[in-house]
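Dear colleague,

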Amino acid sequence: MRYCLLFVVVFSFQLVKAQDQDSIVKVLDTVKWVQKNQAGLDINEVTFVNWNAGGSNSVSALFNLVSSLRYKKDNLIWKSSVRTRYGINKQENQKLRKTEDELELISSIGYRKDTLTNWYYSGRLNFKTQYSNGYTYPNRDNPISRFMSPGYLFIGGGVEYGKNLEKLSFYFSPLTFKGTYVLDQKLADAGSFGVEPAVYDELGNRIEKGENARTEMGILVTNAYETELLENIYIRNQLSFYTDYLNSFGNVDVDWEIVFDFKVNSYVKATLGSHLKYDNDIKIAEETINEDEFLERGARVQWKQLLGVGVTMEF
């Protein structure tokens, strides 16, 4: 319920702020090429010396990079961006662990019939994967994810609305292809991330490999929004819904990320973020009383929360 209430508040605020963006559009429309790059590094450290309450020394770091390029001329607009994040954590008496791992590429093109309308005919491509192996710590013998395991690809076309598409946009695609790729054969044989698992005989011998790809065709709805809430307090909101026509139509995949940036000065800022996901094809495995034996459960809501302070640089 609290997630729904937060979404209603953010959505309502977007509609109010959209009225103030006409003046921004008039300035941006005169520029053909706009490139923005931002890199950031957050570092957190805790050290205990003779601390009678106990505790473990730890240090963590998170690197993020966002690069975007926009072209706009007359009624044509093309936007592309790359976003990458990687985080690590080291605690006393523990090996190095991964906390963040993300690589995302987005490219979209839109065309409107005249300058009087804010509706665009749009095409969009989105690709996501990760860099390194993921584990269920402390188990490091069996990775549960790897580079391109999974990898996600969305390609589709539809309509997009927005007075300033860089600040506020609503996108609807009635026909979007979704590809889920699991190139690691061991994970594919296990049926990870919704691909078809391997087939085994009664003796446990594999007689047919697991599929390395799963394809879907469905409806995609997205909303992107960013603005300055108060002086030096910014909000970024990205929300998407996807449902497949052929496999369980009406069972919606949700990806919702909302981030608050608190700017201290030109180089220092604090970040508070929330990322909520639900994908019916990703099942949860629970450990049983038998060692190294897991029982597959249904899909569940995934949630990640982020709080950090660090340095940023735009170039």
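In what follows, buried means under 20% relative accessible area, exposed means over 50%, and partly exposed lies in between (1.4 Å probe, protein chains only). The model is predicted: local features need pLDDT of at least 70, side-chain atom pairs count only at pLDDT 80 or more, and totals for chains, interfaces and linings use all residues. Residues are numbered from 1 along each chain as its sequence is written, and side-chain values use heavy atoms, with hydrogens and water left out.

The structure contains 20 salt bridges, each being a side-chain nitrogen of Lys or Arg within 4 Å of a carboxyl oxygen of Asp or Glu. Strands (E, at least two residues) are DSSP runs, numbered from the N terminus.

Aspartate 255 lies in strand β12 (residues 253-263) and lysine 128 in strand β5, 127 residues apart. Aspartate 255 counts as buried because its relative accessibility is 14%, whereas lysine 128, at 27%, counts as partly exposed.

Lysine 178 pairs with aspartate 279 in a salt bridge, the closest N and O atoms being 3.5 Å apart. Lysine 178 is buried, with a relative accessible area of 3%, and aspartate 279 is buried at 11%.

Yours sincerely

Definitions and conventions
Helices (H or I, at least four residues) and strands (E, at least two) are DSSP runs, numbered from the N terminus.
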